[in-house]
Every structure is written in C-alpha cells, then in structure tokens.
Amino acid sequence: MKNPVEFVREVRQEAGKITWAGRRETMVTTGMVFIFVTIAAIFFLLVDKIIAVVVQSLLRLI
C-alpha cells in the first residue's frame with residue numbers, strides 16, 4: 001500500500017502531463033466524425049433498401 005499523500009502527489013504529477021487538443025484539432029476531428037457518420041448512414045440506407053427489394057421480390061414468388 002502506498003501512502004495516500006504520495007499517491008495524491010503522483011496523481012497530480014501525472015495530471016500535469018495531460019495535453020488537451022486545441023480548438024483547430026477539435027473542430028477538424030468533429031468535422032471528420034460528422035462526415036464519416038453521414039457516409040455510414042447513406043451506406044446502410046442503401047444496403048437496407050437493396051435487402052428490402054430482394055426480400056419483397058422473394059415474398060412475391062411465394
């Protein structure tokens with residue numbers, strides 16, 4: 001077991017090493033996320049429509 005005071009000191013030292021993303025990096029990353037989410041949504045919409053057409057045509061055969 002470590003001394004609680006030493007533990008807190010080490011935690012503060014490690015917290016001092018944290019680097020935060022800048023405004024520009026945050027905006028670029030957010031933009032990329034929105035773009036990829038849009039692409040994924042369109043992809044899954046198209047796949048869903050194709051599967052729906054295939055299933056409907058199979059059900060008409062029955």
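**View 1. Glu-10 sits in helix α1.** Helices here are DSSP runs (H or I, at least four residues), numbered from the N terminus. This is a predicted model, in which local features need pLDDT of at least 70 and side-chain atom pairs count only at pLDDT 80 or more, while totals for chains, interfaces and linings use all residues. Residues are numbered from 1 along each chain as its sequence is written, and side-chain values use heavy atoms, with hydrogens and water left out. With a relative accessible area of 30%, Glu-10 is partly exposed; that label covers what falls between buried (under 20%) and exposed (over 50%), worked out with a 1.4 Å probe and protein chains only. Now look for Phe-34, which is 24 residues along the chain from Glu-10: their C-alpha atoms are 38 Å apart.

**View 2. Val-8 is also part of helix α1, which covers residues 4-15.** Val-8 comes out as partly exposed, at 46% relative accessible area.

**View 3. Glu-14 and Lys-17 join up in a salt bridge.** To count, a side-chain nitrogen of Lys or Arg has to be within 4 Å of a carboxyl oxygen of Asp or Glu. How open are the two partners? Glu-14 is partly exposed at 45% relative accessible area, whereas Lys-17 is exposed at 55%.

**View 4. Phe-43 and Phe-44 make an aromatic pair.** Two numbers describe such a pair: the distance of the ring centres and the angle of the planes. Rings of Phe, Tyr and Trp (its six-membered ring) pair if their centres lie within 6.5 Å; planes under 30 degrees apart are stacked, over 60 edge-to-face, and the rest tilted. By that rule the count is 1 aromatic pair. Its centres are 5.2 Å apart with 70° between the planes, so the pair is edge-to-face. Phe-43 is partly exposed, at 48%, and Phe-44 counts as exposed, at 54%.

**View 5. A nonpolar patch lies on the surface.** Val-28, Met-32, Ile-35, Phe-36 and Ile-39 form it, with about 500 Å² of accessible area together. Patch members have over 30% relative accessible area and no salt bridge; nonpolar side chains (Val, Leu, Ile, Met, Phe, Trp, Tyr) are joined within 5 Å, like charges within 9 Å. The areas come from the Shrake-Rupley method with a 1.4 Å probe, and for residues only the protein chains shown count as cover. Ile-39, one of the patch residues, lies in helix α2, residues 23-61.

How values were computed: Helices (H or I, at least four residues) and strands (E, at least two) are DSSP runs, numbered from the N terminus.
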